[in-house]
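I opened a new page for this chain.

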Amino acid sequence: TPVVGVVAIYALMHWNQPAETLAGWLVDTLAVLMMFFGTLALASQYVLPVRTIRERQKALDRLFSYVSGMHGPIAFVRDGQLVGSVEELKRRGAGAILVDGSSAVALERGRQFSRAAGPGIVFTEFNERLAAAFDLRKQSRSQDTQALTKDGIEIKTSVSVTFALDPGDQVSPRESLEEHDMLGQARITPAFPFNPDSAFKAYYGFAVTEKDMLKWMDLPIVVASEYFRDQVSRLTLDDLFMPRDPQSSPVAALQTRLTDQVQKAPLLKERGIKAYSVSIGLLELPEEVTRQRTRTWAARWQKEAFTTLATADV
């Protein structure tokens with residue numbers, strides 16, 4: 001309606017007045033400004049994946065701020081990694097962060113935690129900055145670990161753990177009843193559930209060691225390695241390699257106990273981390289121990305062979 005009104009006034013003023021006047025220039029200027037801001041308003045609805053009225057209003061506000069040079073940080077988070085220049089992130093105005101479906105972010109205002117946001121478009125307010133980015137997908141870490149058995153034999157192996165931010169009671173939007181809209185079309189929804197409380201715990205609940213601070217991604221493998229050493233210290237070498245029951249698998253039982261122990265670890269729960277599985281690799285013994293066990297194994301079977309041959313002769 002305003003555009004049509006300006007066009008009508010402009011046509012009436014120039015109907016019998018081919019020469020330009022001050023009023024004509026004012027109308028021309030007004031028309032140009034309305035066209036400029038009207039184009040920005042229209043473009044703002046398509047440059048970002050906005051869906052609600054509130055998001056559309058914020059997108060319009062951010063685009064006007066961008067044109068005026070007063071905008072805040074504009075960045076993209078992909079696969080838990082920040083895509084953006086350092087200078088861009090130093091801006092103090094209101095900005096926007098586009099977070100892909102497998103990521104989340106934590107925001108700070110000043111030195112205090114502001115909020116955590118999941119996949120989608122995140123509009124930052126004045127003086128609000130990006131503090132951390134998270135990968136919501138399951139992650140795996142491995143580490144070579146040494147442990148001593150109950151009888152003092154050193155064992156080497158590789159311990160691996162699969163973990164992620166604890167989704168809590170949240171479920172993936174793809175698993176909800178609103179996966180399709182009223183027309184039956186599939187919605188574009190995040191593939192991973194997000195719990196803001198877990199993001200807060202993971203970022204601010206870092207662990208401090210003798211050397212440095214451990215980030216939340218490095219903590220699960222440290223916990224799993226410590227529990228592995230504790231489990232091995234309760235067993236002798238024969239418990240692992242010569243079980244009393246030939247049908248049992250001591251290593252598999254060790255792995256099951258280790259997984260259960262890591263999943264219930266209070267240290268991980270307090271930091272918003274959920275462990276899904278723990279696995280151990282091939283157990284390696286010292287060379288001298290291996291030779292000794294090989295000789296013992298060979299002697300036992302040689303005795304069995306002699307006994308069988310003697311019985312056959314009789």
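**Salt bridges.** I call it a salt bridge when a side-chain nitrogen of Lys or Arg lies within 4 Å of a carboxyl oxygen of Asp or Glu. I am working on a predicted model. By this rule I get 12 salt bridges.

I looked up E128 and R115 among them. Their closest N and O atoms are 3.1 Å apart. The pair links distant parts of the chain, with E128 in strand β7 and R115 in strand β5, 13 residues apart. Buried or exposed, I asked of E128? E128 has 2% relative accessibility, so it counts as buried. R115 is partly exposed at 29%.

Next I took K201 and D197. Their side chains meet in a salt bridge at 3.3 Å, N to O. Both sit in helix α5, 4 residues apart, so about one helical turn separates them. K201 is partly exposed at 29% relative accessibility. D197 is partly exposed as well, with a relative accessible area of 39%.

Then I checked R234 and D230, whose salt bridge spans 3.2 Å from N to O. R234 counts as exposed at 54%, while D230 is partly exposed at 27%. I also noted a network: salt bridges with shared partners join K58, D61, R62 and E125.

**Helix α3.** I turned to residues 53–68, which make up helix α3. This helix has 16 residues and reaches 23 Å from its first C-alpha to its last, close to the expected 22 Å. Which residues of α3 are buried? I found K58, A59, R62, L63 and S65. They cover an arc of only 160 degrees around the axis, which means they lie on the same side of α3. They pack against α2 (22–43), β3 (95–99) and β6 (120–124). The face turned away from this buried side carries the exposed residues I53 and Q57. Just after α3, I noted that G69 takes a positive phi of about 80 degrees.

**Surface.** I looked for nonpolar residues on the outside. L33, F36, F37, Y66, V67 and I74 form a nonpolar patch there, with about 550 Å² of accessible area together. Which element supplies the largest share of the patch? I got α2, with 3 residues. Both α2 and α3 supply at least two residues each. I74 belongs to strand β1 (residues 74–78). I74 is partly exposed, with a relative accessible area of 38%.

**Two loop residues.** I found T149 in the loop between β8 (139–148) and β9 (154–165). T149 has 5% relative accessibility and buried means under 20%, so T149 counts as buried. I listed its contacts beyond four places in sequence; among them are I155, V232, S233 and L240.

I found F194 in the loop between β9 and α5 (196–204). F194 is buried, with a relative accessible area of 14%.

**Whole chain.** I closed with the totals. The chain has 10 helices and 12 strands. Buried residues make up 32% of its 314 residues. Of the contacts with a separation of 6 or more, 59% join residues 24 or more positions apart. The accessible surface comes to about 20,300 Å², and 58% of that belongs to carbon and sulfur atoms.

Methods. Residues numbered from 1 in each chain as written. Predicted model: local features only at pLDDT ≥ 70, side-chain atom pairs only at ≥ 80, totals over all residues. Heavy atoms only, no water. Expected span 1.5 Å × (residues − 1). Buried < 20%, exposed > 50% of the residue type's maximum accessible area, 1.4 Å probe, protein only. Arc of directions from axis to C-beta. Contact = heavy atoms within 4.5 Å. Patch = residues over 30% accessible without salt bridge, like charges linked within 9 Å, V, L, I, M, F, W, Y side chains within 5 Å. Areas by Shrake-Rupley, 256 points an atom, 1.4 Å probe, with all protein chains shown as cover.
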